[in-house]
Structure formats: structure tokens, C-alpha cells
Amino acid sequence: MESGTGTFSEEQFREACAELQRPALSGAAWELLEETQGISVYRLLDQPTGLYEYKFIGTLRAPPDLLVDICMDLGYIRRQIPQVTEAYETECNGETVTYMKMEFPFFVSSRDCVYVKQRRELDFRGRKIQVVLAKGTSLPQFPERPGFIRVSQCQVKLAVESAGHNRSKVFIYCFVNPGGWIPSWLINLLVKNGIPGFLADLENACLRYQRRT
């Protein structure tokens with residue numbers, strides 16, 4: 001188990017646990033986008049970028065530990081996103097830092113991203129909750145590459161607890177700004193259309209893993 005020191009505070013981990021039990025949807029213009037496969041998807045417009053922040057709340061058919069293991073697995077990410085041509089982890093200043101390179105065809109500029117992530121297991125109000133926090137970072141060990149747009153605005157929060165046999169209650173927060181010239185309306189459309197497939201792929205990856213063990 002990792003400690004709460006570093007990029008992420010103890011309060012940030014506990015806030016993710018609290019949202020798993022009672023999502024913070026009031027006080028801002030969060031709108032219900034869709035309900036699919038046991039998950040309610042909410043979004044909130046980020047005015048400066050024209051992009052949306054997303055929250056996923058519901059249950060998935062997978063035990064918590066396995067679900068988090070797969071979300072942390074760079075091999076899974078590379079298999080699910082063919083544009084990812086390079087991805088690796090390294091330790092910097094006592095934290096796990098991930099570098100990811102994405103190459104696109106035609107007129108879309110290739111991108112890369114450097115982010116720090118941390119996984120913890122917490123006892124929150126008597127309940128065992130797995131939490132993963134990740135966000136973009138800037139480090140001198142990872143200078144920007146010529147020909148690539150550096151994705152600097154990205155943040156993910158994941159909180160998971162058991163919801164019975166081989167099921168998990170899940171809270172996911174996600175915001176990614178890919179930068180560059182891609183219109184915000186096109187990015188929002190692609191994300192909206194890709195949500196059902198993302199959830200189905202995540203469940204299927206867990207089921208395939210369970211059948212192998």
C-alpha cells in the first residue's frame with residue numbers, strides 16, 4: 001500500500017471515497033448524459049476549454065481488486081487504444097510517473113502525456129475502498145518532443161468497493177484536454193459515442209482475466 005505523501009493529499013483520497021458513497025452533483029451544472037450498463041454518466045461543461053468533465057457512477061461486473069489492477073495496467077491501455085505506440089512507467093522523486101505516446105494518421109497531430117498516479121486502499125467509514133488518483137505533470141526528465149503536442153490537462157479519479165459477488169460499485173471522474181486545433185464539439189462527440197464501448201471493454205477485460213485464472 002502506498003502512502004498519502006507526494007502529489008496527492010490524504011484529503012483528495014478521502015474525497016474520492018466520499019463521492020463513491022454520495023456523488024457531489026449539486027452546486028454545479030452537472031447534467032445526466034446517459035445511463036448505460038448499470039452506470040450513470042454525468043457531465044459538466046468546462047467553460048475555458050469548451051470540453052466536459054465526466055463522472056461515472058454505478059456498478060460493474062468485476063471484483064474491486066481486479067478492476068483496479070486492470071485500470072492500472074499499461075498493457076491493457078495499449079491493447080484497447082491502438083494509437084498508443086509507447087507507454088512506460090518510471091520512478092521520479094519517489095512517485096510512479098507514466099509516459100504515453102499516441103500517434104494518429106492524416107491531419108491529427110500526434111500527442112504525448114506525462115502523468116503521475118497513485119493507488120491506495122482505505123478504510124473509509126468502516127468500508128474497504130480502492131482509490132486511484134492520476135493527473136498530468138511536468139518534469140525535466142520528460143522534455144517535450146518535436147512533432148508532438150503535450151497533453152498537460154488530464155485528471156482521473158477512481159474509487160471502487162465491493163457490491164457483492166464479482167461486482168463493484170464504481171465512481172470515476174475524468175477530464176482530458178488533448179490540446180491542439182481539434183474543435184471542442186468534435187472531442188465531446190467522440191467521447192460521448194465512445195462511453196458505452198469503454199465500459200463494455202472494461203467489463204470484458206475483467207471477465208477474460210477471471211477465465212484465465
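This is a predicted model: local features need pLDDT of at least 70, side-chain atom pairs count only at pLDDT 80 or more; totals for chains, interfaces and linings use all residues.
**Nonpolar cores and ring interactions**

In the largest nonpolar core, which comprises 35 residues, the members touching the most others are Phe 56, Leu 67 and Tyr 115. When residues up to four places away in sequence are not counted, Leu 67 touches Leu 60, Ala 62, Val 160, Ser 168, Val 170, Leu 202 and Cys 206. In soluble globular proteins, nonpolar side chains tend to be buried together.

Five aromatic pairs were found in a search of the whole structure. One of them joins Tyr 99 and Phe 142 in a stacked arrangement, with 6.1 Å from centre to centre and 10° between the planes. This pair links distant parts of the chain, its two residues being 43 residues apart. Tyr 99 belongs to strand β5 (residues 95-102), whereas Phe 142 lies in the loop between β7 (127-136) and β8 (148-151). Both Tyr 99 and Phe 142 are buried. Through ring pairs, Tyr 99 and Phe 142 are also linked with Tyr 88 into a cluster.

Charged side chains placed over aromatic rings were examined as well. Arg 43 is positioned over the face of Tyr 52, at 4.0 Å from the ring centre. For Lys 157, the charged end sits over the ring of Tyr 173, at 5.0 Å from the centre of that ring.

Note on methods
Residues are numbered from 1 along each chain as its sequence is written. Side-chain values use heavy atoms; hydrogens and water are left out. A nonpolar core is a set of buried Ala, Val, Leu, Ile, Met, Phe, Trp, Tyr and Cys residues joined through side-chain atoms within 4.5 Å. Buried means under 20% relative accessible area, exposed over 50%, partly exposed in between (1.4 Å probe, protein chains only). Contact means heavy atoms within 4.5 Å. Rings of Phe, Tyr and Trp (its six-membered ring) pair if their centres lie within 6.5 Å; planes under 30 degrees apart count as stacked, over 60 as edge-to-face and the rest as tilted. Helices (H or I, at least four residues) and strands (E, at least two) are DSSP runs, numbered from the N terminus. A charge sits over a ring if NZ of Lys or CZ of Arg is within 6 Å of the ring centre and within 35 degrees of the ring normal.
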